[in-house]
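Visitor: Could we go through the links between side chains here?
Guide: Gladly, let us take them topic by topic.

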Amino acid sequence: MPPYRLPMYRERPAVRCINFLCAVLLTMVLVAGIIMFVLWLSLRPHRPRFLLDDFTIPNLNRQSGAVNLPVRFTVDERNPNQKIGIHYGTIYGSVYYNDLLVASGPVVQPFYQQPKGDTPLLGQLTASGPTPGDPAWQRFAGDAAAGSVALRLLLNSTVRFQVQMWDTREHHMKVDCEFGLRGDGTLQQGDKNKQCTLYF
């Protein structure tokens, strides 16, 4: 008796066509995914950098208090992205001595920072304190007499990243700069060009 042979299975043309189309579709999806991943890596926005270039409060050590003294500062903003620009909203500045607000207000109008751009942010405020009547005055005056007053500069704004004609949604941004002033109100040398902390 001859051995039994299984009948050969022949795939239908329609099934072969469907399998071929599925393979082509999966290949296209995979290639598109790889391209998108490479584009995302190359266009992924990097955070800007902020460095404290200068800060002064002239006559900081006067005995009548700091009210109405001019507060001037320069913060260097750097965009490290090669193909991504940054739109900034109005930038608001606040200066603190511990928890005591020394000065606050808008300091920079909205602007666009081009890729690989570098812009000095020039701020000018008017001090609202402390005064000899404030609880923190004795400590503030003592620090000024000792030649080292620790302050914080906070910058708040909104940012949007732009890649050619495409913009991202707005992000809230906070820049925190900690530094010290000498008794004459000038920035301590060790804090010049100090990088500030950036929060999104």
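Visitor: How many salt bridges does the structure hold?
Guide: This is a predicted model, and the structure holds five salt bridges.

Visitor: Which side chain does K192 meet in a salt bridge?
Guide: The partner of K192 is D53, with an N to O distance of 3.7 Å. The two come from distant parts of the chain, since K192 sits in the loop between β10 and β11 while D53 belongs to strand β1, residues 49-56, and they are 139 residues apart.

Visitor: And are those two buried or exposed, or something in between?
Guide: K192 is partly exposed, with a relative accessible area of 37%, and D53 also counts as partly exposed, at 26%.

Visitor: OK, what about D118, which residue does it form a salt bridge with?
Guide: D118 forms a salt bridge with R78, and the closest N and O atoms of that pair are 3.6 Å apart. Distant parts of the chain are linked here as well, with D118 in strand β7 (residues 118-126) and R78 in strand β2 (residues 70-78), 40 residues apart. As for accessibility, D118 is partly exposed at 44%, and R78 is partly exposed at 32%.

Visitor: Where does D191 come in, what is its salt-bridge partner?
Guide: D191 pairs with K194, the closest N and O atoms being 4.0 Å apart. D191 counts as buried because its relative accessibility is 12%, under the 20% cut-off, whereas K194, at 34%, counts as partly exposed.

Visitor: Which residues are joined into one network by shared partners?
Guide: Salt bridges with shared partners join D76, R78 and D118 into one network.

Visitor: Switching topic: how many disulfides does the count come to?
Guide: The count comes to one disulfide, which joins C177 to C196 with an S to S distance of 2.0 Å. The link between C177 and C196 is right-handed, with 105 degrees about the S-S bond.

Visitor: Are C177 and C196 buried or exposed?
Guide: C177 is buried, with a relative accessible area of 2%, and C196 counts as buried too, at 6% relative accessibility.

Visitor: And C22, what is its relative accessible area?
Guide: For C22 the relative accessible area is 40%, and C22 is therefore partly exposed.

How values were computed. Residues numbered from 1 in each chain as written. Predicted model: local features only at pLDDT ≥ 70, side-chain atom pairs only at ≥ 80, totals over all residues. Heavy atoms only, no water. Disulfide = S-S within 2.5 Å. Buried < 20%, exposed > 50% of the residue type's maximum accessible area, 1.4 Å probe, protein only. Helix = DSSP H or I, 4+ residues; strand = E, 2+ residues; numbered from the N terminus.
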